Amino acid sequence: MAVQELELKPSIPSSPLQNFWQTFSKNRMGFVGLFMLIVIITLAIFAPVLAPHDIKSSAGIEIGDIYNPPNAIHWFGTDDAGKDVFSGFIYGSRVSLIVGFFAAFISIAIGGTFGIVAGFYGGRVENFLMRFTDLFLVIPDLPLIVVIVALTKPNLLNIIFVIGLLGWTTTARIVRSQTLAVKSRKFVLRAKAIGAGNRHIIMHHILPLVMPILVVNAILVISLAILSESTLSFLGLGDPTAVSWGQMLNFAFGRGAMSAGAWWALFAPGFGIVWVVLGLTLLGHGLEQVLNPRIESHHLMPSRPSFQSETVEISPKPAKGKNNAPLLLDVQNISINYVNDENIAKAVHNVSFQLHEGELIGLVGESGCGKTTLVMAITRLLPAAGEISNGHVYFSGKDLVMLTENEMADVRWSGISVIFQGAMNALNPVRTVGDQIKEAIIKHIPTYPSESLDTRVIELLDLVGIAADHKDNFPHQYSGGMRQRAMIAMALACNPQVVIADEPTTALDVMIQAQILELLDELRKKLGLAVIFVTHDLGVVAEMCDSVLVMYGGVTAEYADVDTIYNAPLHPYTQELLKAFPDLSKPEKKLTSIPGYPPKLDALPPGCRFAPRCPAVFERCTIEQPALHDSGDGHIVSCHLMENS
Amino acid sequence: MTQDIILEVKNLKKYFQSGRPGWFSNQTDFVHAVDEIDLQLIRGEVIALVGESGCGKSTLALTLMGLEKATEGQIFFNGRDITNLNDKERKAVRQKIQMVFQDPYESLNPTQTIEEIVMEPLVVHGIGANHAERRNRVNQALEDSGLKPAETYLKRFPHQLSGGQRQRVVIAGALVLEPLLLIADEPVSMLDVSIRAEIINLLAELQKSRNISVIFITHDLGTVGFFANRVAVMYLGRIVEIGSMADVLKNTQHPYSQALLSVIPVPNPRLRKKRIILQGETPNPIDLPSGCRFHPRCPMAMDECKEIDPRLMKVSQTHQAACLLLAK
């Protein structure tokens with residue numbers, strides 16, 4: 001277990017709260033909202049100090065003071081009673097905030113409890129609580145509030161309760177759906193398995209994960225409560241003893257501010273309401289973005305045209321393919337970086353391989369070794385942050401790296417197509433499978449005669465072993481294996497010469513996996529396809545492939561024909577990986593693991609990327625990255641041991 | 001090995017209702033997830049439960065854990081019937097049966113620290129007089145699970161650990177209660193190949209040193225080859241073959257086991273072999289085929305297979321299979 005020691009750089013543990021603050025402080029919208037809110041809260045707290053005039057007493061006010069425009073003494077002018085509007089504005093913030101926060105507190109408490117209890121317990125409890133919520137939801141809030149407040153004594157406490165008791169329905173619904181989502185996660189099952197009771201699970205597992213959404217919702221509820229209070233006061237149903245913005249509007253409106261042209265008497269309270277609600281909304285949006293991040297740059301996008309920035313040693317060329325089949329795809333010294341504002345991650349560095357007609361090459365490696373990045377670069381479908389920094393991909397006389405996006409679009413699908421991993425996600429759930437295959441054909445061959453499209457779809461489905469009557473079914477009506485077959489049909493739609501299969505069987509059962517592998521092998525023989533098979537499964541590679549490229553940490557570890565890789569591997573990584581892989585033909589074999597973990601792309605070791613885990617490591621390995629070494633007959637190994645021997 | 005039976009399952013059934021009879025239909029369908037399972041587990045024994053998704057192996061695990069209520073049959077743990085228990089009794093039993101889940105990315109609460117996660121079982125069961133004592137146990141469990149020195153992990157969050165480390169945390173969380181039976185549901189299938197062996201080896205080590213019984217659920221027999229004493233192959237809710245590792249691997253009797261073994265890839269291109277690829281997929285467990293459940297896909301099906309539902313028959317002292325071919 002000496003392994004772990006390597007990992008134990010005393011990293012500063014960053015709690016979720018610290019993480020949250022780090023992200024939030026970068027969110028401009030949220031920050032502005034927070035600032036606006038702090039300003040108004042400060043005004044409210046220090047109102048007696050900040051307000052320049054007393055708003056309660058009418059002492060010293062003369063006739064000439066009514067509806068004075070803004071001036072040096074009265075910054076916002078005066079109102080119908082000659083009182084200072086600015087002071088009213090400051091004191092008014094108190095009522096808005098008090099009502100807003102307390103009413104929202106009541107709403108959130110009721111809505112949160114209802115939502116969590118309904119979501120967690122389900123069944124009858126949920127049915128009862130949610131129908132009760134629906135009942136409240138259909139009651140028109142404002143008219144009811146007006147009626148209740150009019151019937152009861154219009155004081156602050158009553159207003160808070162009425163607004164609070166009627167404003168919880170959306171919270172209950174949102175919290176319930178979030179609870180349902182959290183409840184189905186495995187750690188809740190784990191908590192049950194250790195014997196935790198419902199109360200414990202709610203407090204320790206549900207609530208912390210519902211909290212973010214509750215906070216965002218609370219911000220919204222506060223601003224709604226503030227608006228409700230202003231509306232009530234404007235209608236004259238506010239607490240007559242407390243100055244509020246709504247009340248100021250009511251007075252100004254009812255006592256001739258409009259006809260007197262005293263716009264300031266309406267502007268100041270209106271401005272206050274807008275300021276608070278806007279501040280809360282911005283804060284809410286900001287929080288939502290931070291707590292619910294969707295990484296927008298993650299979609300597949302055509303990668304930027306590359307630039308040749310580095311000079312890299314040219315690797316030795318492996319020998320010709322079996323039976324001297326013609327070369328189809330020649331990947332030379334390709335390097336791919338992921339670039340964001342601060343960092344460059346070298347995801348793939350100087351990888352070369354050749355693919356001949358009818359050849360099946362396996363790209364093997366653990367997660368994060370760059371195998372998917374490499375094949376996505378070949379089709380130029382890297383995420384937006386990825387760029388090809390060096391190298392060439394020659395396919396039918398063209399360097400794919402140099403093509404414009406339009407030229408590349410012609411190559412995709414009719415030259416090189418992809419079978420993506422995770423067939424359920426790659427298929428559109430609301431369109432029939434037949435339609436989606438048709439679309440693939442039309443998109444890449446717009447001139448395809450439309451009357452023969454149906455025949456072609458049936459032909460393709462037949463090719464992958466799906467009966468024609470399943471053509472008009474939706475993906476969810478297909479089983480996992482059938483969906484993967486449909487994906488293959490789609491990849492074959494435009495008669496490509498090269499098919500890239502990116503972990504096509506990873507989520508499938510062994511029997512279905514065997515069916516799909518058999519199908520791929522058949523198709524390869526029938527159609528003369530060349531296949532790049534991306535996988536982490538050494539067993540599948542041994543069963544299927546002609547040649548194998550083993551990748552580690554973005555570089556080539558070893559590249560040779562399949563028999564050499566399994567029976568005479570030279571790179572320590574390949575050797576260790578084989579020892580770690582279970583072999584049913586030798587069930588008694590004790591599996592050995594490779595100590596440590598694969599390198600992170602932003603923290604690559606200076607020398608050989610495998611050096612920290614390598615059993616044969618020596619000094620040079622930690623300093624210098626090994627070059628690609630040809631040990632004869634196209635067997636490429638990147639290891640310093642090769643030069644010593 | 002003393003014949004100390006830790007777990008005994010008798011005629012266990014778990015059916016799920018599919019489509020409740022409602023206002024518009026009074027038809028009830030049942031999903032036969034686990035059907036008439038008999039199983040015995042000796043103290044310190046490791047049994048691998050193998051089958052494809054939908055064969056009922058995970059439902060069996062959840063039913064044994066008491067996380068799903070058995071429809072019929074009995075489960076005896078340490079000689080005591082634990083099929084139907086009240087909450088308090090169940091809680092006491094849970095302490096002794098623990099589970100390791102498949103996906104270490106999902107089975108840890110992202111808002112808890114490693115210390116909170118591993119300590120939680122102790123808090124729930126009120127074990128340990130005070131925080132310091134519990135902390136000691138947590139440290140011990142983490143170190144036993146290969147997370148050394150434990151102190152450096154306590155304040156970390158799951159997202160700061162790698163997949164292998166997370167699975168070690170899950171194991172530590174199960175160990176801390178000192179269980180007698182550990183149910184591991186595909187504990188390595190989400191991990192990288194180079195990490196898998198170390199988790200299996202860790203489980204094997206802990207199993208030996210603590211004499212824990214393990215039910216290891218997997219779809220990949222190769223992974224547990226050297227670890228498991230016995231194998232049970234499941235198909236559509238039934239055990240179709242059960243025996244020692246050698247029995248099932250070298251003297252495979254049931255046509256389904258034969259097919260399943262033949263399609264597991266062997267990492268040697270020189271051993272490319274004839275695979276028995278079954279066509280179609282596992283039938284829907286609502287409408288079960290008549291007779292032998294495997295007959296529609298069986299390459300060796302005979303006429304009587306459509307009518308007679310075979311039970312487990314003795315092949316040898318340690319080996320049983322449910323196939324009519326055996327009666328011939």
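**Close-up 1. The open sheet of chain A has 8 strands with mixed pairing.** In this predicted model, the strand order in chain A reads β6-β7-β8-β3-β9-β10-β12-β11. At the edges sit β6 (416-419) and β11 (629-630) of chain A, and each of these pairs on one side only. Helix α19 of chain A, residues 480-492, packs on the sheet and touches β6 along with β7 (498-502) of chain A. The direction of α19 makes about 170° with that of β6(A).

**Close-up 2. Zooming in on β11 and β12 of chain A, we find two strands that run antiparallel.** What joins β11(A) to β12, residues 636-637 of chain A? The link is 2 bridges.

**Close-up 3. Strands β10 and β12 of chain B pair in the antiparallel sense.** Here β10 covers residues 238-244 and β12 covers residues 319-321, with 2 bridges between them. Look for B:E241, which has B:A321 as its bridge partner in β12(B). As for confidence, chain B averages a pLDDT of 88, and 96% of its residues score at least 70. For the complex, the predictor gives an ipTM of 0.87 and a pTM of 0.82.

**Close-up 4. A:I90 is a buried residue in helix α5 of chain A.** The helix takes in residues 85-121. Why call A:I90 buried? Because 26 other C-beta atoms lie within 10 Å, and 20 or more is the cut-off. Beyond its neighbours within four places in sequence, A:I90 is in contact with A:L43, A:A47, A:L50 and A:A51. A:T42 is 48 residues away along the chain, yet its C-alpha atom and that of A:I90 are separated by 9.8 Å.

**Close-up 5. Helix α8 of chain A (residues 156-166) has a set of buried residues.** They are A:I159, A:I160, A:V162, A:I163, A:G164 and A:L166. What do they pack against? Their partners are α5, α7 (141-151) and α11 (198-234) of chain A.

**Close-up 6. Helices α17 and α18 of chain A pack at an angle of about 110°.** α17 spans residues 433-444, α18 spans residues 453-463, and their axes are 10 Å apart. That angle makes α17(A) roughly perpendicular to α18(A). On the α17(A) side, the contact is made by A:G434, A:I437, A:K438 and A:I441; on the α18(A) side, by A:L453, A:R456, A:V457 and A:L460. The crossing of α17(A) past α18(A) is right-handed.

**Close-up 7. Helices α12 and α13 of chain A cross at roughly 155°.** Their axes come within 9 Å, with α12 covering residues 245-254 and α13 covering residues 263-291. The two helices, α12(A) and α13(A), are therefore roughly antiparallel to each other. The crossing of α12(A) past α13(A) is left-handed. From α12(A), A:W245, A:M248, A:L249 and A:A252 meet A:A265, A:L266, A:P269, A:G270, A:G272 and A:I273 of α13(A).

Methods
Residues are numbered from 1 along each chain as its sequence is written. Chains are lettered from A and ligands numbered from 1 in the order in which they are written. This is a predicted model: local features need pLDDT of at least 70, side-chain atom pairs count only at pLDDT 80 or more; totals for chains, interfaces and linings use all residues. Two strands pair if DSSP finds at least two bridges between them. Helices (H or I, at least four residues) and strands (E, at least two) are DSSP runs, numbered from the N terminus. Two residues are in contact if their C-beta atoms, placed from the backbone, lie within 7 Å. Axes are lines fitted to C-alpha atoms, for helices over the stretch in contact, and angles run from 0 to 180 degrees between N-to-C directions. pLDDT is the predictor's confidence in each residue, from 0 to 100. A residue is buried if 20 or more other C-beta atoms lie within 10 Å of its own, exposed if 12 or fewer, and partly exposed in between; C-beta atoms are placed from the backbone. Angles under 35 degrees count as roughly parallel, over 145 as roughly antiparallel, 65 to 115 as roughly perpendicular and the rest as oblique. A crossing is left-handed if the near helix is turned anticlockwise from the far one by less than a right angle, and right-handed if clockwise.
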